[in-house]
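Please keep the structure open beside you as you read.

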Amino acid sequence: MCHPGIASFLLAVSLAAQTTYPSKFSPALPERDDVKQAIAFIDAHFEQQVKEWIHITEIPAPSGQESERAAYVKAEFEKAGLQPAIDPSGNVVARRKGTGGGPTLVFAAHMDTVFPRSIDVRVTKKPDGTLHAPGVGDNSASVANLLQALRALQAANVRTRGDVVFLATVQEEAGLKGMYAWLERNKGAADMLVALDGSLGPVRYGALGVYWSRMKFTAPGAHTNRSRGVPNPVRAAAQCITDIYTIPLPEPGAPVQAVYNAGGMMSAGEVVNAVPREVTFTVDLRTVDKELLGSLDDAMVSKCEQAAQAQRVTFTREWIMRSAAGGRPEDLTDRRRHPIVQTAVDVLRYLNFELPKGHEADPDGSTDANAGVVNSIPSISTGRARGEGQHTLGEWADIDSARIGAKQIVLLAAALTEPDR
Ligand SMILES: [Zn+2]
């Protein structure tokens with residue numbers, strides 16, 4: 001066993017050896033009377049938080065059909081003493097005034113899920129302390145955390161210098177539409193943005209660029225008997241998919257990665273005995289590197305154009321969704337130095353959440369925070385609870401870890417709304 005004095009000396013040495021980033025969190029903050037009370041509120045009312053979490057999960061909310069969930073959230077914001085509104089996109093927004101002189105902080109939790117109404121979203125609670133249902137994590141847990149953190153701030157009358165905006169967004173899963181629209185309508189309103197999304201883990205301060213396209217090949221079509229040598233959209237699409245998969249990606253282990261998936265969805269004809277008039281397939285392309293995103297996309301389109309030309313068919317590319325890239329890690333070193341990142345890391349550490357070593361904060365992300373990153377607003381995303389299987393029917397979440405999810409919101413609200421020193 002090590003002498004405690006020596007241990008703390010060694011700890012101090014090892015901490016000094018690491019890069020230090022500015023943080024607005026200090027161990028004195030959770031000891032402040034109002035903040036302490038708010039944290040205690042979360043523990044004292046945790047059973048209610050879990051009940052509400054289950055309730056929210058069971059309100060169906062496919063992207064574009066969030067209104068029932070939105071009505072619930074709006075009513076709860078109201079009961080908590082705020083004056084919420086539903087904006088033209090369907091986002092629910094409410095402002096909690098600060099005492100003045102501090103930055104405005106926006107918390108955003110998306111309400112939509114990827115599951116159509118036909119999917120059973122009833123929650124099963126298992127004896128191992130987990131909840132199971134499609135959407136139970138992504139992002140119902142964050143919506144519940146946000147509501148409970150607001151109640152805690154109100155009950156303990158936590159004073160913040162800056163305002164805190166509570167934003168429940170729509171259509172995150174359909175290209176961050178609600179978030180982009182809110183930022184567009186409220187230019188300059190957000191000094192910082194914290195998206196509450198993802199499993200608990202690294203704090204993310206970058207933006208993974210995502211391009212979703214539909215590649216479409218068309219021709220007049222023909223009966224099989226007359227099909228020999230006619231322009232054939234199937235052959236063009238098949239050739240194009242084959243050619244796309246020859247486009248090189250960064251080597252495994254390279255600092256910046258990219259990935260694509262061609263043909264996730266495909267459509268062609270309806271009968272056996274004809275060359276179809278129209279064939280489509282989708283492409284999902286992802287990387288944080290803006291230039292690489294553009295060059296890979298150009299390369300794919302050009303493969304399709306060549307294949308279409310060879311088969312004498314018409315090619316068009318339709319956009320399904322486009323989410324801009326935040327930039328390579330080296331482009332984001334200034335972002336890493338913004339206190340929003342290290343404050344969130346320190347808050348999670350204070351709450352005894354073990355962050356992956358060396359990956360406390362990552363320069364990527366695919367949440368509402370991406371819209372902030374590409375709009376040059378200091379933005380992060382941070383998680384809601386432990387869990388896995390998001391976007392699948394087997395999605396589950398660990399119940400107890402949602403305490404951390406809710407408490408971090410209280411601490412971030414108190415820390416980040418302080419004026420810069
Ligand atoms: Zn999500």
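1. Leu193 stands opposite Ser379 in β16. Strand β7 (residues 192-196) and β16 run parallel and are joined by four bridges; two strands pair if DSSP finds at least two bridges between them. Helices (H or I, at least four residues) and strands (E, at least two) are DSSP runs, numbered from the N terminus.

2. Please bear in mind that this is a predicted model: local features need pLDDT of at least 70, side-chain atom pairs count only at pLDDT 80 or more, and totals for chains, interfaces and linings use all residues. Residue numbers start from 1 along each chain as its sequence is written.

3. Which residues of β16 are buried on each of its faces? Ser379 and Ser381 are buried on one side, and Ile380 and Thr382 are buried on the other, leaving both faces covered. Buried here asks for 20 or more other C-beta atoms within 10 Å of a residue's own, exposed for 12 or fewer, and partly exposed is in between, with C-beta atoms placed from the backbone.

4. Ser376 has a positive phi of about 60 degrees although it is not a glycine. Because Ser376 has 8 C-beta neighbours inside 10 Å, it counts as exposed.

5. Arg312 is another residue to look at: it is not a glycine, yet its phi is positive, near 55 degrees. Arg312 is found in the loop between α8 (290-311) and β14 (314-323). It counts as exposed because it has 12 C-beta neighbours inside 10 Å.

6. Now for the sheet that includes β14. This open sheet has four strands in the order β11-β13-β9-β14, with antiparallel pairing. β11 (258-267) and β14 stand at the edges with a single partner strand each, so one side of each has no neighbour in the sheet. Direction ignored, neighbouring strands of this sheet are turned by 20 degrees against each other on average. Strand β9 (residues 209-218) is joined to β14 by nine bridges, and the bridge partner of Thr218 in β14 is Thr314.

7. Helix α7 lies across β9, β11 and β13 (278-287), at about 15 degrees to β13. Angles run from 0 to 180 degrees between N-to-C directions, and axes are lines fitted to C-alpha atoms, for helices over the stretch in contact. Two residues are in contact if their C-beta atoms, placed from the backbone, lie within 7 Å.

8. The axes of α7 (residues 233-244) and α8 come within 8 Å and cross at roughly 145 degrees. Residues making this contact include Ala236 and Cys240 of α7, and Cys304 and Ala307 of α8.

9. Please also check the peptide bond between Asp138 and Asn139, which is cis, with omega about 5 degrees. Asn139 is found in helix α5 (residues 136-155).

10. Finally, the confidence values. The mean pLDDT of the protein is 94, and 96% of its residues reach 70 or more; pLDDT is the predictor's confidence in each residue, from 0 to 100. Over residues 1-17 pLDDT stays under 50, and for that stretch the model has one contact beyond four places in sequence.
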